[in-house]
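Please look through the sequence and the model below before reading on. The paragraphs that follow go through selected features of each chain.

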Amino acid sequence: MVENLIEVKDLYKWFPIRSGLLGRVKNYVRAVDGVSFSIKTGETFGVVGESGCGKTTLGRTVIKLTEPTSGSIIYSGRDITKLKGRKMKEYKKKMQIVFQDPYASLDPRQTIGSAIMEPMFIHGLVRDRKEARSKAEFLLEQVGLNPDHFSRFPHEFSGGQRQRVAIARALSLNPEFIVLDEPTSSLDVSVQAQILNLLSSLRRKLNLTYMFISHNLAVIRQMCQRTAVMYLGRIVEIAETSRIFENPKHPYTVALLKSVPLPDPKKRKMLVSLEGDVPSPVNVPSGCRFRARCKYATELCADKAPELIEIEKDHWVECHYDIDFSREAKVNTITA
Amino acid sequence: MNQAQSSRFQEARYAFYLFRRNPVVLAGAIISMAALILSILSPYIVNPSLWRITDLTKRLCWNNHMINWGIRNVFDCGGSTYILGTDSYGRDLLKMIIIAIPLDMQISLEVVFSAVLIGVVFGSVAAYAGGIIDEFVLRITDIFLAVPGILLAIVMMVILGRTIPILTFAVLVTWWPTYVRLMRSQVLSEKEKPYVESLKAIGAGRFRILFRHIIPNSIYPIIVQATLDIGSVILTVSALTFIGLTPSPLLPELGTLASSGAQYVFTAPWLTIFPGLAILIISLGFNLLGDGIRDVFDPRLRR
């Protein structure tokens with residue numbers, strides 16, 4: 001077994017902004033701007049960040065739902081960046097995605113049974129309708145739905161049930177890797193917990209690897225072994241989830257953690273929100289992207305963009321300084 | 001009854017309920033149905049043995065005794081023998097109208113079906129392919145939309161000749177661009193929906209996505225428009241034949257009948273009134289039915 005199921009190296013996804021009569025490219029939206037990471041087989045890899053930081057684009061690019069602008073994606077030892085057509089179809093089978101909005105990610109005119117069977121027919125996994133049907137019913141049962149619901153339409157279900165259908169559909173191809181793109185953010189809290197438990201038990205049962213995209217830190221903490229923090233198209237910190245939460249090294253991660261409201265009125269003072277807005281991904285600031293909102297920023301941060309550096313073992317940070325956040329002081333410069 | 005049937009059955013029943021609760025729509029449905037049934041039954045009502053002669057000149061009723069050709073019956077004002085009276089040639093107006101309705105319906109259905117077909121194919125391909133193909137299809141529809149429809153039809157008929165097929169073709173030429181536009185806009189909004197993305201993720205090809213998912217999801221406005229247009233095409237066709245673009249002034253066709261009756265509007269008003277009423281009722285019926293179908297499929301009125 002390969003240790004790293006997915007390795008992403010220097011991935012870029014820039015969306016061109018066209019304007020004018022001839023559609024000349026005026027500028028680019030740098031949704032994903034030089035990202036490298038790897039996902040180990042069998043783990044849940046979290047990606048967290050504010051809205052618009054490129055985490056969804058990253059997830060879609062990793063499974064090649066959109067073509068990367070440059071960089072490479074290596075899936076269990078094989079470079080799939082340039083694969084197309086039939087060869088890519090084999091890999092599409094192994095990599096699935098569950099979308100954020102279960103209300104919109106199912107064809108409203110298709111029964112859920114036929115939605116679950118469709119991928120099996122496309123990839124020729126079943127011999128006939130009967131086999132597909134029995135497999136679909138098994139999947140419905142596996143995600144906690146009644147197999148008798150086979151012939152119902154999506155609008156007859158609640159959001160949580162629809163998300164279960166979406167999961168069953170992703171599972172119908174026996175994938176190895178699933179990108180979960182905020183799978184619970186449009187659901188009620190109680191339903192969120194059910195879906196998260198379902199996802200965890202499926203991962204154990206079917207030996208799946210997840211890439212879990214979310215802006216909800218509590219969910220990330222619950223689900224993920226390792227977590228990457230994204231800011232404006234780049235990963236600013238990667239570490240084991242416990243270390244991200246207990247010993248964050250990047251000022252943005254710290255700010256993100258501090259902005260979570262705590263259910264304790266005495267601790268209200270601790271709630272610190274970040275000042276300012278995320279800069280536009282079209283006009284990315286020079287040097288460090290976070291410097292405009294960072295209270296530790298210096299001239300060095302404006303001059304030179306920091307690179308991802310392994311500050312401790314398996315703890316990577318993209319910052320010029322090693323900051324001691326309890327004393328609010330810079331310890332030392334870590335980039336040479 | 002298994003689940004599939006019950007689920008679909010409920011949908012159908014609910015649609016029928018929405019339909020039934022509105023009496024105006026029900027009236028529209030009944031009129032449209034009646035017009036269709038009359039079109040089918042027409043040859044059995046008016047002398048079926050002679051109806052098989054498809055030759056148009058035979059239908060024009062020279063020497064055709066089924067229309068009751070005879071000088072002694074000229075301008076019968078209706079009542080016992082001839083319910084709606086007779087025209088200047090002594091032809092029975094009721095029988096003429098019964099023959100005329102299928103002809104108008106046929107032209108109208110041909111035009112609408114062809115326009116829908118062209119619209120669905122070109123509109124969806126243009127929207128789905130995008131880029132230069134989209135631009136090309138759009139510019140062609142622009143050219144046709146730039147010329148006023150009736151004028152284009154008149155010019156075509158004057159140049160190509162005054163026959164029924166050319167009349168049909170001329171109306172179709174003015175009618176298809178709307179459907180291409182409508183289908184294109186539907187597919188454009190449909191193809192951006194998240195379920196299309198999730199179909200791509202499961203590896204569905206572009207043809208499967210377009211024909212199995214996007215087109216069935218965007219066809220409803222087209223069906224509504226088509227139903228509304230069956231009435232409108234009848235109106236346009238009879239307008240064209242009324243102003244004289246008819247193969248023969250004796251042709252049993254609603255516009256032609258009204259037109260030839262208009263000469264005697266003071267002496268024999270029924271010759272204009274009854275064909276005109278037939279046009280009015282049929283086009284009104286299809287318009288009401290179209291409105292009803294729109295209500296049934298309108299998501300805002302659903303659960």
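What percentage of the 303 residues in chain B do buried residues make up? The answer for this predicted model is 48%. Chain B is built from 13 helices and 0 strands. Read from the N terminus, its elements run α-α-α-α-α-α-α-α-α-α-α-α-α.

The surface of chain B carries a nonpolar patch of about 650 Å². Its members are B:V147, B:L151, B:V155, B:V158, B:I159, B:L160 and B:F169. Helix α7 of chain B, residues 149–160, gives the largest share of the patch, with 5 residues. B:F169 belongs to helix α8 of chain B, which spans residues 164–190. With a relative accessibility of 44%, B:F169 counts as partly exposed, because that class lies between the 20% limit for buried and the 50% limit for exposed.

Chain A can be followed through its aromatic pairs. Over all chains, the structure holds 9 such pairs. In one of them, the ring centres of A:Y75 and A:Y91 are 5.7 Å apart and the planes meet at 80°, so the pair is edge-to-face; the cut-off for that class is over 60 degrees. A:Y75 sits in strand β4 of chain A (residues 70–75) and A:Y91 in helix α2 of chain A (residues 85–94), so the pair ties together parts 16 residues apart in sequence. Both A:Y75 and A:Y91 are buried.

Another ring pair joins A:Y252 to A:F290, with centres 5.3 Å apart and planes at 70°, so this pair is edge-to-face. A:Y252 lies in helix α9 of chain A (residues 251–258), and A:F290 lies in the loop between α9 and α10 (299–303) of chain A, so the contact ties together parts that are 38 residues apart in sequence. A:Y252 counts as buried because its relative accessibility is 0%. A:F290, at 3% relative accessibility, counts as buried. Ring pairs also link A:Y12, A:W14 and A:Y28 into a cluster.

Charged side chains lie over some of the rings in chain A. A:K94 is placed over the face of A:Y91, at 5.1 Å from the ring centre. A:R133 is placed over the face of A:F150, at 3.9 Å from the ring centre.

The next topic is salt bridges. The structure holds 26 of them over all chains. Helix α2 of chain A, which holds A:Y91, contains both A:K93 and A:E90. These two residues form a salt bridge, and their closest N and O atoms are 3.7 Å apart. A:K93 and A:E90 are 3 residues apart, about one turn of the helix. A:E90 is partly exposed, with a relative accessible area of 43%.

A:R127 and A:E131 form a salt bridge too, the closest N and O atoms being 3.2 Å apart. Here A:R127 is exposed, with a relative accessible area of 74%, while A:E131 at 28% relative accessibility counts as partly exposed.

The salt bridge between A:D322 and A:K249 has its closest N and O atoms 3.8 Å apart. This pair links distant parts of the chain, 73 residues apart. A:D322 is in strand β13 of chain A (residues 321–324), and A:K249 is in the loop between α8 (241–246) and α9 of chain A. Both residues, A:D322 and A:K249, are buried. A network of salt bridges links A:R243, A:K249, A:E312 and A:D322.

Strand β11 (residues 309–312) and strand β12 (residues 315–317) of chain A pair in the antiparallel sense over 3 bridges. Which residue in β12(A) is the bridge partner of A:I309? The partner is A:V317. The hairpin has 2 residues between the strands, and A:D314 takes a positive phi near 60°.

Terms used. Residues numbered from 1 in each chain as written. Chains lettered and ligands numbered in written order. Heavy atoms only, no water. Pairing = 2+ DSSP bridges. Helix = DSSP H or I, 4+ residues; strand = E, 2+ residues; numbered from the N terminus. Phe/Tyr/Trp six-rings, centres within 6.5 Å; stacked < 30°, edge-to-face > 60°. Buried < 20%, exposed > 50% of the residue type's maximum accessible area, 1.4 Å probe, protein only. Lys NZ or Arg CZ within 6 Å of the ring centre and 35° of its normal. Patch = residues over 30% accessible without salt bridge, like charges linked within 9 Å, V, L, I, M, F, W, Y side chains within 5 Å. Areas by Shrake-Rupley, 256 points an atom, 1.4 Å probe, with all protein chains shown as cover. Salt bridge = Lys/Arg side-chain N within 4 Å of Asp/Glu carboxyl O.
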